[in-house]
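Hi,

Here is the structure I said I would pass on.

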Amino acid sequence: MIPRHTLFTGNVYSYNSWDHYWEGHLNRVNGNLGTVSTQTDTWSANYGITNRIDFIALIPYVWTNASEGVLHGMQGYQDITLAAKFKLLDRPFTKYGDLKAFAVVSGTLPMTNYEPAFQPLSIGNQSNTISSRLTLNYQTRRGWFGNGTAQYTWRRDVFIDQPYYYTNGQLFLTNDVSMPEVFDYAFSGGYFKHGLMANVSIEQQRTQGGGDIRRQDMPFISNHINFSKIGGLIMYPLPIPGLRNLAAQFQYGYVFDGRNVGQSMTYTTALMYTVRFPGSPVR
Amino acid sequence: MTISRKPSYNLVLAALAVVAVVPMSAASNDPGAGTWQMILLTGPTQVPVAAPAPVTDPGYLSELASIKTAQAHLTSAQKTSISNWSAGGTVRWNQILLELVASADLPPEPNSDGTYTFPSAATPFAFPQFPFANPPYAARSYSYVAVAQFEALKAAWYYKYQYNRPSPSAVDSGIQALIQTNGLPSYPSEDAVESGVAVALLSVLFPTQVNLINATAADQQQAALLSGKASASDISAGYALGQAVAAVFVTRAGSDGLKNATGTAAQWQALADAATARGEIPWKSQENPPRPPMLPFFGQVKAWMMQPGDIVNERPGPPPSTSSPQMAQQVAQVKATIQNLTRDQIAIATKWADGASSPTPPGHWNFIAETYITNAKLSEVRAARAFALLDMAMMDSAVACWDTKYTYFNPRPEQMDPTIKTVIGLPNFPSYESGHSTFSGAADTVLTYLFPSGKAYFDASAQEAAVSRLYGGIHYQIDNDTGLAHGARVGGYTVRFAQQDGADTATGTSITAGQTLDGASYHSPVTPGSLAAVFQSNLATSSTIANAIPLPTSLNGLSLTFNGSIPVPLFAASPNQANIQIPWELQGLTSAMLTTTNSDGSSVTFNVPLSAFAPAVFSVNQQGTGPGLVTIANSSTLVAASNSIDGTISRAASKGEFITIYCVGLGAVNNPPPTGTATPDSSSTTVSPVSVLLNGITVPAAYAGLLPGSVGTYQVNVQIPDNAPSGNTVALAVSVSGVTSNAVTIAIQ
C-alpha cells in the first residue's frame, strides 16, 4: 500500500517480443510475421487516499510491429486502467512478520477507437473490463516476503468492423463479439526492505472460453488465451544526490507455455517518484 | 411493302384502355414457375416424378395420422426448428453455405521445407483439408447449389401444379398449419427438394462437413413434416427429385475445368516468363515462404451465362505498364493512402476484408441479399431464383476476373514498393483487376434488377467495397475502377437472361409497388419513347383514360416526373396503376428516378431501370403471353385460329402474307416525334434493324417504326416466309440489337 497522501508516480516502458507462438496448442513460427514486438509506455500513478485505500491510474501508449511480411504496425493510446485498492487485513502473524490482505477493484476502458481485430498487431481488443482481485501477502521484518494473488475479469462485448466472423467452430452473422472471462493467479516471493525489492514470480492466465486459432489463421480477439509466465523484478531507490524518493525498476518476464499467445519475452523498466502531500508520513 | 394506318391504332388504344388493373400482391405462389426457362436442365420433366397416391389412399391417411400424433407432442427443439425454417429454405441454406465456406477458407500452412501441399479431393480429411474455399471456389460453390436448387424447384413447381395435391394441413383440419402454405400444392415437397439438392452437391463440394449438411437436411425435412406443410410421401418424392437434379449438376462440376485450375509449376513459370517477355515485372508471391499462385487457370472454368468467347471479349485492356509513369502514380497513390489512413477508412477496409476464415466477397453479397429476399416474401422458387441469378453473376465474375488477373500477371503494390504495408491480409494472386470490385459490380447489377428499391444501397455498397481495397493497401485505384465496370458488364449477361426467363411477367405474381414495366408484356427494363405501366399504390382515386393526343402530363390529379424535371405523358390513371410513355429525353440513361405525385400531394420516388432496347410484343390477354396482338396487314383481323378469340374476327395467316405486329421497346427512331405526341406518318423508322422470329426462324422486318397516330407503340410488318411452320400456336418474337422479346403466338396455315 502507498501511505496516505502520498503519490507514487512515474513512467513504465516495456518491450515484448515473440517469434514462436501457440496456434491453439501448436507451437510454430510464421514467416509472414517474423518477430512481433510490442512496446508500451505507461504513465502510472498510485495515490494513497488513506493508509488503507489507494487509487491507481495507468495510461498506456502502445506500438506494434512485425519484422517480416506486409502487415502494418499499429500505435496509439490503448486502455486506461482505474483501480481502487483496499487493505483488508494487516496484523502480525507468527513472530517473524505481518500478514496482509488486499482487495482491488479495477476497470479498463479503451481511450481511443483503435482497430481491435487486426491481431496480432492491434494494440488492444477494445473491450471494457472489470476485475476483482484478492492478494495475500506475508512480509517478515527481515525483509523476505511471499505473495499470492488471484484475479477474475469480466469483459464486455466488442463490436468489430466486420459484419460477421468465424471462431470456435461457428460463423457468427453479427459484428457483436462476446468476450470470455479471464482468471489470473500468481505467486511471487523475494526481498523487500527500505525501498529495495527483488522478487521472482510465476503467473498463470486462464481464459474461460473462446476459440482456438486455426491452422494458418490469424488470432482473434475472443481467442482462448492461456499462458504461464515466470519473471523477476528488481526495484531500488536511485542514489542521486538531491533527488530523494526516486526509484528505478527492472523487470523480466518469459512465457514458457501457452495457448493462442506468443512465446514472448518482456523487458520492463520504470522510473518512479514519490511525491509527498501534506499529511504524508513519508520523510 | 405495305404499311398500315389508322385502323390499327384504334384497336391498340382499345386494348390499352381496358388494361386490367393488375392486382398487386407481394406474395404469390408463382404457379407458372414450371414454365420458366431452364439453365442446365433440358426441361421441367427431365427428371420424372410419378403421380402421388390419392388423398383417400389408406397409406396417405396413415401418414396424416402420424403428423397429428407428432404435432400433439412437439418438443421445444422441434418448435425452434420449425421457426428456423419458416423464413424459407433457400435463405437458411444460404446461411449454412456461408458457414461452410468460412470454415474451409484457410490457405494451407507451409511445410518445413518451404513447399506447400495442395488439398486433395481424394483425401479430403488429410492435412491440408479439402477444400481451400478461396473466392473462386466459394463463388463456384454458391452458384452450383443456388442454380441446382432453383432448377429443381422449377421442376417441382411443374409437378406440384400438375398433380395439385394439397398440403396435409389443407386436407385434414386436425393438422395445424404451423407454417403457412398459401394454398401451394405440396407434392413434391419443396423443402425436401432443397434438402436433396443440398446433400448431393455439398457432399462433393465440402466433403469434410457431411455431418452438418446431413443434420441440416434432416432438420429441414422434419420441420416440413411437423409443420403440416408436407406428408412423408411428399417429402420422399421431393428428396428424390432434388437428388436427381443435383446429379446433373455434379456431372457438370466434374468437367467444368476446376480440376485444371491449379496448374503445374511449369505453367506458373510460363505465366511469369510471358509477363517478362512483354517487358513487364511479373507478379511474385509476397508470402514467406513464397506460395504458388492461387487457381491461375480459373479463367477457363465454365461460366453460367457467358461463353468462353464472351469472357475474352469482355476482358478489360491491360493495366499501365509496370515501367510507366502512370503505374508509378498508381503506386504512389496507394502509399499516400496508407500513410494517411483515417479510422473510418480502416473500418471500411476491415468491413470488406473478407479474407481467410470468411464467407469471401461473393458470400458478403449473398449476406446482403438475404435481407431483401426475406423482406420481399417471395415464393420459394422465386427466392431460389434470386440467389441463383446473383450467384451465377458472381461465378461468371470469378471466371472473368481470374482470366484478367492471370492474363496480365500484374504485381501488387507491396511488390512494386516494399515500404507499403497493409491493414488487411494480402491475397496471394495478381493485382489487376480487383476481385472484390468485379464481384461487387456484378452483384450490384443483378440485385438492382431484382430489387429496384435497393439500388442506392447496392450502388453505395459496391463503391465502398471497391475503394476498401485501396484503403487496405492491397490494390491500385485502377484495379477497383476496372473491376466495377467489368463486373457490371458480366452482371448484364445474367440480367438479360432474367429479363426473358418468364418469371418477370404480370398477373399479380411478381408486381410489387414501385415497379415500372413495359406496357406490352410487363417486363423490366423499359425503353425511352415506349408505353409503360407504373405500379404503385394510391396513385389516383378512380380510373381515367386520356382522350386526346398530345397526351396530358396530369390525369385525375396524378402527375409524374422523371429525374425531378421531365414531365411524363399519361394514357390512363387508376388507383394502383398508371400507363405512361417513357419520355424520349431519357435516351442514353441506364436508369432514372420516377416521382409520382397524386391528388392529395403525396409523392413516392423510385428507381426505374432503362435500356436502349427492350422489345415486348402486345398480347390479347394483356400479359405478354398467348395469342399476340398481331393482325393481317391493313386490317384488324387478328392472326389466330378462326373464332378463337371472343369479340374479334381472326384467321390464320398464309405464307407470303404480310402481318403487322404491335410492340414496344424497339428503341431510337429516325424523326422522333416530341414526347407525348404521335408521329403522323411512317417516317419514324427504327434506327436499329428489327427481325421477327417465328418458331426460331429469323425473318427481317419489312417495316419497323413508330405506329402512326399513336404514342409509345411500334409497328413491325413482316412477310410470312414459305418455310414458316404451320399451326395455331406458332411462337413469334421480335428481336432488335441482340435483344429478343417475349414470345406470343400466331396462327399460320
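Predicted model: local features only at pLDDT ≥ 70, side-chain atom pairs only at ≥ 80, totals over all residues.

Let's begin with strand 10 of chain A (residues 144-155), which has strand 9 (residues 129-140) as an antiparallel partner over 11 bridges. Those two strands make a hairpin with 3 residues between them. In the turn sits G143(A), with a positive phi of about 120 degrees. Strand 10 of chain A also pairs with strand 15 (residues 182-193), again in the antiparallel sense, over 10 bridges.

Now for the interface. Chain B puts 34 residues into the contact and chain A puts in 29. Together the chains bury about 2700 Å², with carbon and sulfur atoms giving 56% of that. On the chain B side, E109(B), N288(B) and R343(B) lose the most area to chain A, together 22% of what that side buries.

What about charges and polar groups? There are 4 salt bridges across the interface of chain B and chain A. One of them joins E109(B) to R28(A), with the closest N and O atoms 3.5 Å apart. Polar contacts across the interface come to 16 residue pairs. Helix 4 (89-104), helix 13 (343-351) and helix 14 (360-375) of chain B each give two or more residues to the side that touches chain A. By class, that side of chain B has 16 nonpolar, 9 polar and 9 charged residues.

Cheers

Key
Residues numbered from 1 in each chain as written. Chains lettered and ligands numbered in written order. Heavy atoms only, no water. Pairing = 2+ DSSP bridges. Helix = DSSP H or I, 4+ residues; strand = E, 2+ residues; numbered from the N terminus. Contact = heavy atoms within 4.5 Å. Buried area = accessible area lost by both parts, 1.4 Å probe. Salt bridge = Lys/Arg side-chain N within 4 Å of Asp/Glu carboxyl O. Polar contact = N/O pair within 3.5 Å; in protein donor to acceptor, adjacent residues only side chain to side chain. Nonpolar A, V, L, I, M, F, W, Y, C, P; charged D, E, K, R; others polar.
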